[in-house]
Amino acid sequence: MAKLFDPTSFGDIQLANRIVMAPLTRNRSPRAVPNDLNVTYYEQRAAAGLIITEGTPVTQQGQGYADVPGLYLPQAIDGWKKVTDAVHRKGGKIVTQIWHVGRVSHTSLQPNGGAPVAPSAIPAGSKTYVINPDGSGAFVDTSDPRALELSEIPGIVEDFRKGARAAIDAGFDGVEIHGANGYLIDQFLKSGANQRTDEYGGSIENRARFVLEVVDAVTKEIGAGRVGIRLSPVTPGNGITETNPQPLFNYVAEQLGSRGLAFIHVIEGATGGDRNFSQGDKPFDYQEMKAAYRKAGGTGGWLVNNGYDRESAKAAVESGYADAVAFGKLFIANPDLVQRFKDNAPLNEADKSTFYGGGAKGYTDYPALEAVA
Ligand SMILES: Cc1cc2nc3c(=O)[nH]c(=O)nc-3n(C[C@H](O)[C@H](O)[C@H](O)COP(=O)(O)O)c2cc1C
């Protein structure tokens with residue numbers, strides 16, 4: 001029986017334990033370049049079995065929030081190198097979450113102030129985070145998107161490929177493709193955001209075409225054993241809807257099964273909310289999705305997330321329900337979460353007011369255990 005603290009491997013990546021740091025946007029990298037504060041933050045959390053960085057846009061067009069670090073500027077690659085070196089020096093493993101937000105953006109963040117792009121011209125109706133001229137941060141409505149021309153889609157697949165290459169150049173152990181939470185890949189997958197009538201819309205096979213093209217381009221570039229993907233079959237985040245998620249995600253899982261990926265990362269329920277939330281007319285069955293993946297030959301790690309704590313994570317791994325568990329808010333507040341779980345020690349509370357933007361406060365100043373004692 002596997003235990004939460006046992007090592008495992010996700011494809012070519014060796015994990016010292018099954019406690020994974022979930023991707024967490026923190027808006028502390030002005031001009032899209034990782035800095036020394038970001039180095040300290042990730043280094044503090046290097047005891048995780050695997051760190052998945054915050055969402056990292058592969059192009060400026062893929063950017064939807066102010067001050068997130070990208071992968072498309074040479075300075076950003078240099079900045080990330082310092083992060084990956086620091087984590088590796090501490091014996092940790094780190095992949096970056098490669099990201100295109102699609103319609104969840106604002107004209108002020110887009111190249112030449114243009115409209116954000118999406119499968120169809122349907123607004124997300126959600127919020128994004130921008131910096132005011134006086135330097136303060138603010139949540140504002142997302143801008144109305146325009147539908148991508150068919151001829152533009154190969155270019156975006158290519159952007160993901162280049163992002164994956166840049167990630168390896170920056171010293172990452174691999175990448176997680178961001179296919180979750182209502183961003184571009186999820187927008188293609190789900191019928192509420194995709195009303196295309198060409199080969200990227202309509203049937204399940206057509207709506208899944210974009211994600212599979214991205215997966216194929218990225219795995220060809222850096223090797224499938226270094227590539228994971230994050231999916232959120234039912235989350236309503238960023239205004240995304242799907243009337244029939246089960247057959248869609250069973251199909252995606254089956255298609256991924258033959259592609260040799262390192263891990264599949266599934267958000268169960270509404271991201272950051274109700275684990276039992278579902279879309280469609282029956283509760284989503286995650287084990288059915290996993291079975292479709294395994295039946296198709298998928299051997300990657302099955303990574304689960306959303307609202308787990310020490311006990312539920314132990315139970316998930318020990319029962320074989322999952323191979324590893326990702327923690328978001330607990331890792332924000334507890335840099336030494338692995339040690340605290342081992343000791344069953346009390347946990348720091350996360351301060352929501354410092355999640356997005358700001359400096360060291362609420363970022364690198366959460367105390368580790370020895371500092372508490
Ligand atoms: C501040 C914050 C930023 C987040 N940023 C991202 C992100 O960049 N990419 C992503 O896939 N999920 C993101 N999430 C979602 C988390 O990865 C995770 O799914 C969520 O917090 C639920 O896990 P938890 O209950 O362990 O916190 C974010 C969540 C929070 C609280």
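Student: What volume does the second largest pocket have?

Tutor: In this predicted model, the second largest pocket comes out at about 290 Å³. Of the 19 residues lining that pocket, Glu43, Gln44, Pro335, Asp336 and Ala368 are the closest to its centre.

Student: Which elements give two or more residues to the lining of the second largest pocket?

Tutor: Those are helix 1 (36-44), helix 11 (337-343) and helix 12 (369-372). By class, that lining splits into eight nonpolar, four polar and seven charged residues.

Student: And the largest pocket, what is its volume?

Tutor: About 980 Å³. There are 37 residues in the lining of the largest pocket, and the closest to its centre are Leu24, Asn181, Thr271, Gly272 and Tyr356.

Student: Which element gives the largest share of that lining?

Tutor: Helix 10 does, with three residues. Other elements giving two or more include strand 4 (50-57) and strand 14 (324-327).

Student: How many residues of each class are in the lining of the largest pocket?

Tutor: You get 17 nonpolar, 15 polar and five charged ones.

Student: Now for a single residue. Why does Asn250 count as buried?

Tutor: Buried means under 20% relative accessible area. Asn250 has 15% relative accessibility, so Asn250 counts as buried.

Student: Where is Asn250 found, and which residues is Asn250 in contact with, leaving aside neighbours within four places in sequence?

Tutor: Asn250 sits in helix 7 (residues 245-257). With those neighbours set aside, Asn250 is in contact with Glu288, Met289 and Ala292.

Student: What makes that a contact?

Tutor: The cut-off is heavy atoms within 4.5 Å; Glu288, Met289 and Ala292 each count as in contact with Asn250.

Conventions:
Residues numbered from 1 in each chain as written. Predicted model: local features only at pLDDT ≥ 70, side-chain atom pairs only at ≥ 80, totals over all residues. Heavy atoms only, no water. 1 Å grid on protein atoms, 1.4 Å probe; cavity = no way out; pocket = protein on both sides within 12 Å on 5 of 7 lines; lining within 4 Å. Points joined across faces, edges and corners; volume = space filled by probe spheres on them. Helix = DSSP H or I, 4+ residues; strand = E, 2+ residues; numbered from the N terminus. Nonpolar A, V, L, I, M, F, W, Y, C, P; charged D, E, K, R; others polar. Buried < 20%, exposed > 50% of the residue type's maximum accessible area, 1.4 Å probe, protein only.
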